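Hi,

Here is the structure I said I would pass on. Have a look through it first, and then read my notes below.

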Amino acid sequence: MDSANSHVLVKQLPRSVQTSQPICLVGNNNFRRKCLASIGAHEIFRPEMWKAALTELTATASLVFTLTTSIIACMDSHVVDPKLLVPLAVFIIAFLFLLVTVPLTGGHMSPVFTFIAALKGVVTLTRALIYVLAQCTGSIIGFFILRTVMEPRLADTYSLGGCAIGATKAQDALLVEFTCTFVVLFVGVTLAFDKKRSKDLGLPMVCMVIAGAMALAVFVSLTVTGRAGYAGVGLSPARCLGPALFHGGSLWEGHWVFWLGPFLACILYYALSVNLPKEGLVWVDGEYDVLNLPLASPGTLYKTSLSNDGPERPTAGSMDTANSHVVVDIGDQLPRDLVHKKCSGPKFLTSIGAHEFFTIETWKAGLVELTATAALMFSLTSSNIACLESHEVNPRLLIPFSVFIIVFLFLIATVPLSGGHMNPVFTFVAALKGVVTLSRALIYVLAQCIGSIIGFFILKTVMEPKLTDTYSLGGCAIGQKGQSSAIEPQDALLLEFFCTFLVLFVGLTLAFDKKRCKDLGLPMVCLVVAGSLALAVFVSITITGRPGYAGVGLSPARCLGPALLHGGSLWNGHWVFWLGPFLACIIYYSVSINLPKKGLCWVDGEYDILNLALGSCGTISNNAV
């Protein structure tokens, strides 16, 4: 959040921080001075730092007052399901405050963001400590004002908008707090702390992504446990401190959860962030295309992919192309004995890209795919179940919107890191088209399957057993075995095939077109891919009208996790959710290699029907004469 407006950050830091060596250390090896300089103790004497802290205090006080009153107003409204309004309120308010405060202080307003910023060296430890104190003080002031003006009945009913675990077990609440905080960090902070991507997308888009991640975490947490009295994730220990001090009572029960959960999430996210791929995925069109591999010679492949002195290679991003500014020289990542113009190894190993097994960036990208898939499965499934559990007349209409928003957030965060697959379907097509090597594809698919299992394991742990049984852990089902009203496997297979093909044709045809991706930009490409997925889900959950059918899977990995952890009827026709996408990928690849290379071109009026008619009449007249 401090790099979304990176030119402001540089100006607000002391001159000694902007250089590689603190001024106080020049010519002085004193241990005490070194320690003080390393924690940024000099910032205590800088007025700009105290001005930033005052801004954090004011912003936090205003935020908790506005956010809490808005959430209570939503919950106290007379709509059918007020919980659906809460994420919208969180998104709008968080976006507004971020847009205003990011250029001033970095827009933290939460000890979570300040702590991760300190771990990553975005702010000094001294500034981080003062920020956290300012945020806690701001929370206390904000809730004091709220308690003063709020009707006592509302204050008692909603515990002053505090963080309560209610009937939820402390360990379950801790796991939810940890997971939801990690999702916010992974989706929002990964983008916000990337100066180049933040500059390319612009401050409003970065703020929208962070606010969207926070709204998603709140939406997930409100319903995932299904237990009375649980107020959802805190996402900010400072926000939970104010109500606990003024209202007390049950708010102190399990209060440690709202401190320990975010702390652990920050530690794990930091460990992941230092191992993120430094540069995105790159490929040469057709280099590893499945049809070209048998015809290519090892020397040709390696001359193209490993040469260090050749021309700069093309770039890749969304579904590996939409982030075209990223440039990678794979030769720099390989062991020295593998980098040469002619490959001495077997042709088969060369054609499948076996050298990527020795590339550290490949394994970092695999780790991103695992983490993103786990977070996506948890967020997407819990949100879909929350939609179905709502009291709307037709709750299924909410699911496509949920899918669209969540997938868009995850795509825009992960595309520049690993290509943003998170799905064996996208990886398989990418391997067929030569966007990734078969070796990388194998690593990706394995990571996605493991990520799905981890995500659904966390979901099963925190979800109420009744919801788990009712919705089969959000798994892919075609109906109970022997159930007469269940959809037939062949019908489910046809629907799985066609909906997957729809996603590939609409989403990946654009995502794998480098020129169009560059022209449209990363956000628009992610919107199209997310929209195609939402469209396929919307079509599948209503078209059959058969009870027990959970709609298309669109991802074999998504179907694997619930089948392993929940079992039962989820194994009935499980093969459908693998075979359908596989056939769709094969057919789509056959279509994609026969797509026109150039768009339709014409000269205005050249073939206008009136011109043709007049031209024909003139010809006839000349012939007659």
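Let me start with Gln448, which is buried at 0% relative accessibility. (Buried means under 20% relative accessible area, exposed means over 50%, and partly exposed is in between, with a 1.4 Å probe and protein chains only.) Before I go on: this is a predicted model, in which local features need pLDDT of at least 70 and side-chain atom pairs count only at pLDDT 80 or more, while totals for chains, interfaces and linings use all residues. Residues are numbered from 1 along each chain as its sequence is written, and side-chain values use heavy atoms, with hydrogens and water left out.

Back to Gln448: you'll find this residue in helix 18 (residues 438-462). (Helices are DSSP runs of H or I with at least four residues, strands are runs of E with at least two, and both are numbered from the N terminus.) Its side chain makes a polar contact of 2.9 Å with the side chain of Glu369. (That term covers a pair of N or O atoms within 3.5 Å; within protein, one must be able to donate a hydrogen and the other to accept it, and residues adjacent in sequence count only if both atoms are side-chain atoms.) Leaving aside neighbours within four places in sequence, the residues in contact with Gln448 include Glu369, His421, Asn423 and Ala557. (Contact means heavy atoms within 4.5 Å.)

Now the overall picture. The chain has 25 helices and zero strands. Of its 625 residues, 55% count as buried. Among contacts between residues at least 6 apart in sequence, 79% join residues at least 24 apart. The accessible surface comes to about 27500 Å², and 66% of that belongs to carbon and sulfur atoms. (Those areas come from the Shrake-Rupley method with a 1.4 Å probe; for residues, only the protein chains shown count as cover.)

On to the inside. The largest nonpolar core holds 142 residues, and Leu185, Val187, Phe410 and Leu504 have the most contacts within it. (A nonpolar core is a set of buried Ala, Val, Leu, Ile, Met, Phe, Trp, Tyr and Cys residues joined through side-chain atoms within 4.5 Å.) Helix 10 (residues 203-224) gives the largest share of this core, 17 residues. The core lies between domain 1 (34-275) and domain 2 (350-596), because both give residues to it. (The domain bounds come from an automatic or database domain assignment.) Leu504 touches Val425, Phe426, Ala584 and Tyr588, among others, not counting residues up to four places away in sequence. There is also a second, separate core of eight residues, with Ile72, Phe143, Leu146 and Leu160 among them.

Which part of helix 5 is buried? The buried residues are Pro111, Val112, Phe113, Thr114, Ile116, Ala117 and Ala118, which makes seven of the nine residues in this helix (residues 111-119). Their cover includes helix 6, helix 8 (170-192), helix 10, helix 11 and helix 12 (257-273). Just after helix 5, Gly121 takes a positive phi of about 75 degrees. Ser110 is buried at 5% relative accessibility, and its side chain reaches the backbone oxygen of Leu235 at 3.4 Å.

Then the aromatics. There are ten aromatic pairs. (Rings of Phe, Tyr and Trp, using its six-membered ring, pair if their centres lie within 6.5 Å; planes under 30 degrees apart count as stacked, over 60 as edge-to-face and the rest as tilted.) Phe144 and Phe246 form a tilted pair, because their centres are 5.8 Å apart and their planes are at 45 degrees. This pair links helix 6 (residues 125-149) with helix 11 (residues 237-246), 102 residues apart. Phe144 is partly exposed at 46% relative accessibility, and Phe246 is partly exposed at 22%. Phe428 and Phe582 are stacked, 5.3 Å centre to centre with 20 degrees between the planes. Here helix 17 (residues 424-432) holds Phe428 and helix 24 (residues 576-592) holds Phe582, 154 residues apart. Ring pairs also link Phe178, Phe182, Phe186 and Tyr269 into a cluster.

Last, a cysteine: Cys387 in helix 15 (residues 360-389) is buried, with a relative accessible area of 3%. Its contacts include Phe219, Pro395 and Ser402, not counting residues up to four places away in sequence.

Cheers
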